[in-house]
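Q: I have a chain open on the screen and would like to learn to read it. Can we go through it feature by feature?

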Amino acid sequence: MALAKQPYWPDWARQFKQEHGGPVYHIFDENIPELTQLQGPITIIGGGISSVHLALKLSNIYPQDVTVLKRHPFRIHDFDSDPGWLGPKKQRPFRAISSFQKRRETIIQARNKGSIPPDLHKALMNQVKQGLLSVMDVEVKSAVWKDGHISLRDKNEKVIQQTGTILLATGFKSAMPGKGWLTPVIRSHDLRLAECGYPIVSQSLQWGPGLYVTGALAELEMGPISRNISGARQAAERIVNSL
């Protein structure tokens, strides 16, 4: 079983959307307009891979009209976690941890959350040097609709940016994906959960009779690689080898 993740909306963006309707979109929303139909200027919120890829694409469509706002400097890493997690070097000690709370803490510490690879960072900086897009380290705290544009403000109500469209590249909620519809299934089949709300599964990734999981639902067994391609391959091997 693999489930879709739930896009994360910052409080200020959710409030603005509820009060004004738009144009604020999460990049993984189903109702996001075609990229060629957006109203400029365009502001992208977030500093991870999705944000940078989107910025590079939009800077070719809307040159000099795209800004990336992020809360911290870019986190540059070759991988989303140490390559040691791909093999027994780190997987074996992880499986030896009996406390699921400690496993969760290990996963959080191991992930290079919101990071980007060096080559992607270089491509973005080249676009910045050419003046095709802008990048700012600042945290948005509120948004105000004014004269047909959105005014983004910091914690001191200082105007950061005036924009026509906001695109949220803010990732996903940390809660277990699919929790809404999965909760009654958990109750009816008495499926085990750890304190963090994620499944407790066997080494073969079996959660219940005939029920196997991959991706985020398997991470207390698979570790920090559970959500990437390498983790998916290893998860598939575990399931197939157990049948």
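Predicted model: local features only at pLDDT ≥ 70, side-chain atom pairs only at ≥ 80, totals over all residues.

Q: Where does L205 lie?
A: L205 sits in the loop between α6 and β11. Its phi is positive, about 70°, although L205 is not a glycine.

Q: Which residues does L205 touch, not counting those up to four places away in sequence?
A: Its partners are L211, Y212, V213, A218, E221, M222, A235, R238 and I239.

Q: How should I read a set of nonpolar contacts like that?
A: In soluble globular proteins, nonpolar side chains tend to be buried together. Here the largest nonpolar core has 25 residues. Those touching the most other members are M176, L182, I186, L205, W207 and V213. At least two residues of this core come from each of α4 (100-110), α6 (179-189), β12 (211-212), α7 and α8.

Q: What does the whole chain look like in numbers?
A: Begin with secondary structure: 8 helices and 12 strands. The C-alpha trace spans about 60 × 40 × 35 Å along its principal axes. Of the 243 residues, 43% are buried. Then look at contact range. Among contacts with a separation of 6 or more, 63% are between residues 24 or more positions apart.

Q: And the surface and the charges?
A: The accessible surface comes to about 13,400 Å². Carbon and sulfur atoms hold 50% of that. The chain has 30 positive and 21 negative charges. Their mean positions are 5 Å apart.

Q: Is E219 buried or exposed?
A: E219 is counted as buried because its relative accessibility is 1%. This residue belongs to helix α7. Its side chain makes a polar contact of 2.7 Å with the side chain of R111. Beyond four places in sequence, E219 touches F94, R104, I107, R111, Y198, S226 and R227.

Q: How do I read a side chain that reaches a backbone atom?
A: Take N228, in the loop between α7 (219-222) and α8 (229-242). A polar atom of the N228 side chain lies 3.2 Å from the backbone nitrogen of S230. N228 is buried, with a relative accessible area of 18%.

Q: How do I compare distance in sequence with distance in space?
A: Put the two values side by side. Q206 and R238 are 32 residues apart in sequence, with their C-alpha atoms 9.7 Å apart. E157 and A175 are 18 residues apart in sequence, with their C-alpha atoms 31 Å apart. E157 lies in the loop between β8 (149-153) and β9 (159-163). At 46% relative accessibility, E157 counts as partly exposed.

Q: Last feature. How do I spot cis peptide bonds?
A: Read omega along the backbone. The bond from G22 to P23 is cis, with omega near -5°. P23 is in the loop between α1 (11-20) and β1 (24-26). The bond joining G40 and P41 is cis too, with omega about -10°. P41 is in the loop between β1 and β2 (42-45).

Notes. Residues numbered from 1 in each chain as written. Heavy atoms only, no water. Helix = DSSP H or I, 4+ residues; strand = E, 2+ residues; numbered from the N terminus. Buried < 20%, exposed > 50% of the residue type's maximum accessible area, 1.4 Å probe, protein only. Contact = heavy atoms within 4.5 Å. Areas by Shrake-Rupley, 256 points an atom, 1.4 Å probe, with all protein chains shown as cover. Lys, Arg positive; Asp, Glu negative; His and termini not counted. Charge placed at Lys NZ, Arg CZ, Asp CG, Glu CD. Polar contact = N/O pair within 3.5 Å; in protein donor to acceptor, adjacent residues only side chain to side chain. Core = buried A, V, L, I, M, F, W, Y, C linked by side-chain atoms within 4.5 Å.
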